[in-house]
Amino acid sequence: LPMHRRHPELRIVPEIGRGLGGGRRLQPEIHLARDGLRQRLDHLDRPQPQPAIATPQQGLTLRIRRMGWEAEGVLSLDLEAADGGGLPRFDPGAHIDLRIPGIPVRQYSLCGDPAVAKTWRIAVREVPGGRVSGFIHRALRPGALVEASAPRNHFPLSAAPRYLFIAGGIGITPLLPMMRAASSTGADWTLLYCTQRAADAPFL
């Protein structure tokens, strides 16, 4: 892996963030009447689809839309609402509880694009002897239904002009949306990624 130009003892992956484009959200123009009491929002002339709303305690029924290999022993799952509607919004660093009948609840970071309103992505590394990860890898398939909580975020990304992200193995997952967000704001960032083998590093 390339070496950091100021710290040659550190090896980094500087290219992972390129192409993780963001976009500037356009704010609707607000026209104020002369009396200052009335507003007309042109973008509200047509009904707008609304995302689902749920509290962390409420369950959402999700369908596995897609499963794919991201590295040896690591599967990504794309999840969508079972009714085809939108999903609650999330910020970089958020996670969900995944509930599958008969096995313990597990928490997984949301590692997809927060701007995609109808799909969540998580990644699961199979742990030898792991009851939950083994079931996900060996029994779940696209089309299966699972239950999940609304997103919670105990690891939010703070605004800054530059970032140093440090990850090891599957720990890259919460940082992927953060690097995307940093790129969208024009912030400088560096990723230090630790892994014993390149084949074990998901999303590279």
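# Close-up views of a predicted model

**View 1. Six strands build an open sheet in the order S6-S5-S8-S3-S4-S7, with antiparallel pairing.** Strand S6 (106-109) and strand S7 (120-125) stand at the edges, each with a single partner strand, so one side of each has no neighbour in the sheet. Neighbouring strands of this sheet are turned by 45 degrees against each other on average, direction ignored. Two strands count as paired if DSSP finds at least two bridges between them. Strands (E, at least two residues) and helices (H or I, at least four) are DSSP runs, numbered from the N terminus. Strands of a sheet pair through backbone hydrogen bonds, either parallel or antiparallel.

This is a predicted model: local features need pLDDT of at least 70, side-chain atom pairs count only at pLDDT 80 or more, and totals for chains, interfaces and linings use all residues. Residues are numbered from 1 along each chain as its sequence is written, and side-chain values use heavy atoms, with hydrogens and water left out.

**View 2. S5 and S6 run antiparallel and are joined by four bridges.** In this pairing, Leu98 stands opposite Arg106 in S6. Helix H1 (residues 131-138) packs on the sheet and touches S3, S4, S5, S6 and S7. The direction of H1 makes about 115 degrees with that of S7. Contact means heavy atoms within 4.5 Å. Axes are lines fitted to C-alpha atoms, for helices over the stretch in contact; angles run from 0 to 180 degrees between N-to-C directions.

**View 3. S9, helix H2 (residues 175-185) and S10 make a right-handed β-α-β unit.** Right-handed means that, with the strands pointing away from the viewer, the path from the first strand over the helix to the second runs clockwise. S9 and S10 run parallel, joined by seven bridges. Gly168 stands opposite Cys194 in S10. Five of the seven residues of S10 are buried, so this strand is largely enclosed by the rest of the structure. Buried means under 20% relative accessible area, exposed over 50%, and partly exposed in between (1.4 Å probe, protein chains only).

**View 4. Tyr163, Phe165 and Trp189 form one aromatic cluster.** How many aromatic pairs does a search of the whole structure find? It finds two. In one of them, the ring centres of Tyr163 and Phe165 lie 5.5 Å apart with the planes at 10 degrees, so the pair is stacked. Tyr163 is buried at 16% relative accessibility. Phe165 is buried too, at 5%. Phe165 also pairs edge-to-face with Trp189: 6.1 Å centre to centre, 65 degrees between the planes. This pair links distant parts of the chain, with Phe165 in strand S9 and Trp189 in strand S10, 24 residues apart. Both Phe165 and Trp189 are buried. Rings of Phe, Tyr and Trp (its six-membered ring) pair if their centres lie within 6.5 Å; planes under 30 degrees apart count as stacked, over 60 as edge-to-face and the rest as tilted.

**View 5. A salt bridge joins the side chains of Glu72 and Arg197 (2.8 Å, N to O).** Glu72 lies in the loop between strand S3 (59-71) and strand S4 (74-81), and Arg197 in the segment after strand S10 (188-194), so the pair ties together parts that are 125 residues apart in sequence. Glu72 is partly exposed, with a relative accessible area of 46%. Arg197 is partly exposed at 42%. The side chain of Arg197 also meets that of Asp200 in a salt bridge (2.8 Å, N to O). Asp200 is buried, at 19% relative accessible area. A salt bridge is a side-chain nitrogen of Lys or Arg within 4 Å of a carboxyl oxygen of Asp or Glu.

**View 6. Arg152 forms a salt bridge with Asp97, with the closest N and O atoms 3.0 Å apart.** The pair links distant parts of the chain. Arg152 sits in the loop between strand S8 (145-149) and strand S9 (162-168), and Asp97 in strand S5 (residues 95-99), 55 residues apart. Asp97 is buried, at 9%. Elsewhere, salt bridges that share partners join Arg66, Asp78 and Arg121 into one network. The structure holds seven salt bridges.
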